[in-house]
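Visitor: I would like to learn how to read aromatic pairs, helix packing and backbone angles in a model such as this one. Could we go through them one at a time?

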Amino acid sequence: MPASLPRSLSGIQPTAESFHFGNYFGALRQWVRLQDDHDAFYFLADLHALTVQPDPAALRDRVHASAAQLLAAGIDPERSALFCQSHVAEHTQLAWVFNCLTGFGEAGRMTQFKDKSASTGADKASVGLFTYPILQAADILLYHPQHVPVGEDQRQHLELSRNLAQRFNHHYGETFPLPEPYIVKGTARIFDLQDPTAKMSKSASSPSGIIDLLDEPGRAAKKIRSAVTDSGDEIRFDPEGKPGISNLLTIYSAISGDDVDAVVREFEGRQYGHLKVALGDLVAEFVGGFGERTRVYLDDRAELDRVLARGAERAREAAAPVVADVYARIGLVPDARGPLARGSGA
């Protein structure tokens, strides 16, 4: 990988058996494109997934399924580091340092903690959920990335990362460059098929409102045919006035590669049903091909583990010197075994 390429970093939680269209068209497809002009690091945030106390066997299966889907989507382990967060001990080592630099009130104001603890109450939320954004800051700053692809819901967390970097630099000298948000062009915001005013989400959408990348093709097509539409019969792109049809047009555009205006012209004078049938066929073909590619990787889990191990080795090579430098700056006695031995848990 040429040293001149800017570094980017992204992670995704393995909290479900399948990623969905919102994940893919909103982020994963752009991760693939970033490999062309970035030194890319992509990780499965399995430590973050522990905040919901998943079943151990299910978590292991989901990690493999997530890795297989990333490879099926086009992540190339020869060009990018693909690894599990838990395989690189430096993530938690740096997170503890940042825990000691973060104010309690500052952590409590993070939007995601307030949102996720609202149903149970803050008193019943885990400390892991409370410190989740601090581990996320460590995930980011550990690799000194110039660019961090983010959506609107992640901007606050990136700002915390920048604040902690500045705080550390002020106390201990220039150590962390400030990462910049990277808004990738060509993203598509996909909404719930049953509530097109809300984004497609595993935590908020009903099963019929989500198209999973590993859905059976006929099931995916049926979800499209059953999608909520709007009053009237004109097919036009109008997110405010026609959110249902606009969502279907966005999905059609995202899969076909045609811009939305071209899709609108294609269906001019036709009825909603025509759009749904055509889109259902397109979606079925897409998930069918994606599922086949994913199953090829899942059929060889030993090779998946080797891919993740190679990615973790490359990640540790980048991360270990950063933690060693941080430890030296804050006054910890150096480990005579060296940073790579300490980071690997040897």
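Visitor: Is Phe-130 buried or exposed?

Guide: In this predicted model, Phe-130 has a relative accessibility of 14% and therefore counts as buried, the cut-off being under 20%. Phe-104, by contrast, is exposed, with a relative accessible area of 68%.

Visitor: How should I read the aromatic pair that Phe-104 and Phe-130 form?

Guide: A pair of aromatic rings is described by two quantities, the distance of the centres and the angle of the planes. For Phe-104 and Phe-130 the centres are 4.9 Å apart and the planes 35° apart, and the pair is tilted. Phe-104 belongs to helix α5 (residues 104-108) and Phe-130 to helix α7, so the pair ties together parts that are 26 residues apart in sequence.

Visitor: How many aromatic pairs does a search of the whole structure find?

Guide: The search finds 16 aromatic pairs. One of them joins Phe-83 and Tyr-143, again tilted, with 5.9 Å centre to centre and 50° between the planes. This pair links distant parts of the chain, 60 residues apart, since Phe-83 is in strand β3 (residues 81-84) and Tyr-143 in the loop between α7 (127-141) and β4 (147-149). Phe-83 and Tyr-143 are both buried.

Visitor: Which residues do ring pairs link into a cluster?

Guide: The cluster consists of Phe-21, Tyr-24, Phe-25, Phe-286 and Phe-290. To place these residues, we can turn to helix packing.

Visitor: At what angle do helix α1 and helix α12 pack?

Guide: Two packed helices are described by the angle between their axes and the distance between the axes. Helix α1 (residues 21-34) and helix α12 (residues 272-298) pack at about 80°, with their axes 13 Å apart, which means that α1 is roughly perpendicular to α12. On the α1 side, Phe-21, Tyr-24 and Phe-25 meet Val-283, Phe-286, Val-287 and Phe-290 of α12, and by class this contact has seven nonpolar residues, with no polar and no charged ones.

Visitor: Where does the charged end of Arg-314 sit?

Guide: The charged end of Arg-314 sits over the ring of Phe-41, 5.0 Å from the ring centre.

Visitor: What is phi of His-144?

Guide: Phi of His-144 is near 50°, a positive value in a residue other than glycine. His-144 lies in the loop between α7 and β4 and, at 28% relative accessibility, counts as partly exposed. Gln-53 also has a positive phi near 50°; Gln-53 is placed in the loop between α2 (46-49) and α3 (56-73), and is exposed, with a relative accessible area of 70%.

Definitions and conventions:
Residues numbered from 1 in each chain as written. Predicted model: local features only at pLDDT ≥ 70, side-chain atom pairs only at ≥ 80, totals over all residues. Heavy atoms only, no water. Axes fitted to C-alpha atoms, helices over the stretch in contact; angles between N-to-C directions. Helix = DSSP H or I, 4+ residues; strand = E, 2+ residues; numbered from the N terminus. Parallel < 35°, antiparallel > 145°, perpendicular 65-115°, else oblique. Contact = heavy atoms within 4.5 Å. Nonpolar A, V, L, I, M, F, W, Y, C, P; charged D, E, K, R; others polar. Phe/Tyr/Trp six-rings, centres within 6.5 Å; stacked < 30°, edge-to-face > 60°. Buried < 20%, exposed > 50% of the residue type's maximum accessible area, 1.4 Å probe, protein only. Lys NZ or Arg CZ within 6 Å of the ring centre and 35° of its normal.
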